[in-house]
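Keep the structure open beside the text while reading.

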Amino acid sequence: MSNRNIQSPFPADDADRNQIWEMLVPRDIAAFVAADWSMVQDDFKADGFYAIDACKSDDPDDWKMMFPDLAAYRDEWLRQAIVAQEIDYAEDLFDGVFRATDLSKIDITGNRALVRKHFNGTIKKADGSTDRLLWKTHYYCEKQIDGKWLITGFTGYLPNHDPA
């Protein structure tokens, strides 16, 4: 991980939102860059987990049930992380992904949370080209009896129409 300031956008006394932000931003990015699922595996509620791939489409009829369980998502996550490791980036990958990530809206009702993670940015490659990150993911989280928040599912690769 780089020396970049990775401070949460939430007030220090907002323990729930800070815990969710820590799980879904710096820890998730660090695990992805290291291609190390073990760093995030305990952030998921495996029983009943599923996720939808919106295929960057505004039309829900185009969306696909890509991850019927956590194992299916883990396998795809690892595949993408390994591919990213094989790319020769001209900048620190953690910094690039962090810079493109905005997670500043979390709605909490009872023990459930809707978390909006937006990606909008580029990462420079050594060959002069760039990787474009431009999508949204909405995570569904649940607070456990012990106070720990877990990811129960998500709808990912939603189109991102945010201005650059």
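**Questions on the model**

Q: Does Gly147 count as buried, partly exposed or exposed, and why?
A: This is a predicted model, in which local features need pLDDT of at least 70 and side-chain atom pairs count only at pLDDT 80 or more, while totals for chains, interfaces and linings use all residues. Residues are numbered from 1 along each chain as its sequence is written, and side-chain values use heavy atoms, with hydrogens and water left out. Buried means under 20% relative accessible area, exposed over 50%, and partly exposed in between (1.4 Å probe, protein chains only). Because its relative accessibility is 21%, Gly147 counts as partly exposed.

Q: Where is Gly147 found, and how many Å apart are Gly147 and Asp162 in space?
A: Gly147 is in the loop between strand 5 and strand 6 (149-158); helices (H or I, at least four residues) and strands (E, at least two) are DSSP runs, numbered from the N terminus. In sequence, Gly147 and Asp162 are 15 residues apart. From C-alpha to C-alpha, their separation in space is 33 Å.

Q: Which pattern does the protein follow along the sequence?
A: The protein has 3 helices and 6 strands. Read in sequence order, they give α-β-β-α-α-β-β-β-β.

Q: What is the radius of gyration of the protein?
A: The radius is taken over C-alpha atoms, and the globule rule is 2.2 Å times the number of residues to the power 0.38. For 164 residues the rule gives 15 Å, and the value for the protein is close to that, so the protein is as compact as a globular protein of that length. The radius of gyration is 16 Å.

Q: What share of the 164 residues is buried?
A: The protein exposes about 8,800 Å², of which carbon and sulfur atoms supply 49%; these areas come from the Shrake-Rupley method with a 1.4 Å probe, and for residues only the protein chains shown count as cover. Counted by residue, the buried share is 43%.

Q: Which residue takes a positive phi in the hairpin of strand 4 and strand 5?
A: The hairpin of strand 3 and strand 4 has 2 residues between the strands, and Gly110 there takes a positive phi near 60°. The hairpin of strand 4 and strand 5 has 5 residues between the strands. There, the positive phi is near 95° and belongs to Gly128.

Q: How many residues of helix 3 are buried?
A: Helix 3 (residues 93-100) is mostly covered. Its cover includes helix 1 (15-34), helix 2 (70-85), strand 3, strand 4 and strand 5, where contact means heavy atoms within 4.5 Å. Among the buried residues are Leu93, Phe94 and Val97. Of the 8 residues in helix 3, the buried number is 7.

Q: What is the relative accessible area of Cys55?
A: Cys55 is found in the loop between strand 1 (50-53) and strand 2 (64-67). Its phi is near 55°, a positive value in a residue other than glycine. Cys55 is partly exposed, and its relative accessible area is 36%.

Conventions
Two strands pair if DSSP finds at least two bridges between them.
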